[in-house]
Amino acid sequence: MNAPHDPRQPRPHDIAVAVSTQYLADQSDPVRGRYAFAYTVTITNRGTVPARLVSRHWIITDADDHTQEVRGLGVVGQHPHLAPGESFTYTSGTMLDTPTGLMHGSYQMVGDDGVQFDAPIPPFHLAAPHSLH
């Protein structure tokens, strides 16, 4: 049986993900039910082993509870390799049929030690201005 992890000790494979979002009014058409959003993601290697981002898996849910899954290699055409302490930031976007939604998912990573692991992307909200009370 594995001993519990001491939170004071760094983990070999530890990727932090932070996301900020922006509503894109100029690319949206609310009359036709099209709401565009940009999201900027910062991926930071908090572990002790360098790691490469191999692929992504997104789960996108709109306010009507319609869900789409997106899987693909890399992010924005890249497969960033992060040494311990390094970060990579990119911006991408999505379109919803409703003015609000939720996204979450994971990045599939491989450490320089050959270990494959998932880096969870915590849920974050997408919301057009004045769409939440």
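**Strands, core and ring pairs**

I begin with Y23, which is buried, with a relative accessible area of 19%. Buried here means under 20% relative accessible area, exposed means over 50%, and partly exposed lies in between, with a 1.4 Å probe and protein chains only.

Two remarks on the basis of these values. This is a predicted model, in which local features need pLDDT of at least 70 and side-chain atom pairs count only at pLDDT 80 or more, while totals for chains, interfaces and linings use all residues. Residues are numbered from 1 along each chain as its sequence is written, and side-chain values use heavy atoms, with hydrogens and water left out.

What is the bridge partner of Y23 in β2? That partner is F37. Strands are DSSP runs of E with at least two residues, helices are runs of H or I with at least four, and both are numbered from the N terminus. Two strands pair if DSSP finds at least two bridges between them. β1 and β2 run antiparallel and are joined by nine bridges. β2 and β6 also run antiparallel, with ten bridges joining them. T44 stands opposite S87 in β6. As for β2, the strand is mostly covered, with nine of its eleven residues buried.

I turn now to the aromatic rings. A search of the whole structure finds six aromatic pairs. Rings of Phe, Tyr and Trp (its six-membered ring) pair if their centres lie within 6.5 Å; planes under 30 degrees apart count as stacked, over 60 as edge-to-face and the rest as tilted. One of the pairs is formed by Y23 and F37: this pair is tilted, at 5.4 Å centre to centre and 55 degrees between the planes. Y23 lies in strand β1 and F37 in strand β2, so this pair ties together parts that are 14 residues apart in sequence. F37 counts as buried, at 1% relative accessibility.

W58 and F124 form another aromatic pair, which is edge-to-face, at 5.9 Å centre to centre and 90 degrees between the planes. Because W58 lies in strand β3 and F124 in strand β8, the pair ties together parts that are 66 residues apart in sequence. Both W58 and F124 are buried. Ring pairs also link Y39, W58, Y107 and F124 into a cluster.

Which residues have the most contacts inside the largest nonpolar core? They are V41, I43, W58, Y90, Y107 and M109, in a core of 26 residues. A nonpolar core is a set of buried Ala, Val, Leu, Ile, Met, Phe, Trp, Tyr and Cys residues joined through side-chain atoms within 4.5 Å.

Next, T94, a residue of strand β6. T94 is buried, with a relative accessible area of 13%. Leaving aside residues up to four places away in sequence, T94 touches Y35, A36, F37, Y39, I60, Q68, M103 and L126, where contact means heavy atoms within 4.5 Å.

Finally, the backbone. Most residues other than glycine have a negative phi. D65, which is not a glycine, has a positive phi near 70 degrees. D65 is placed in the loop between β3 and β4 (67-73), and counts as exposed at 60% relative accessibility. V76, also not a glycine, has a positive phi of about 40 degrees. V76 lies in the loop between β4 and β5 (81-82), and counts as partly exposed at 44% relative accessibility.
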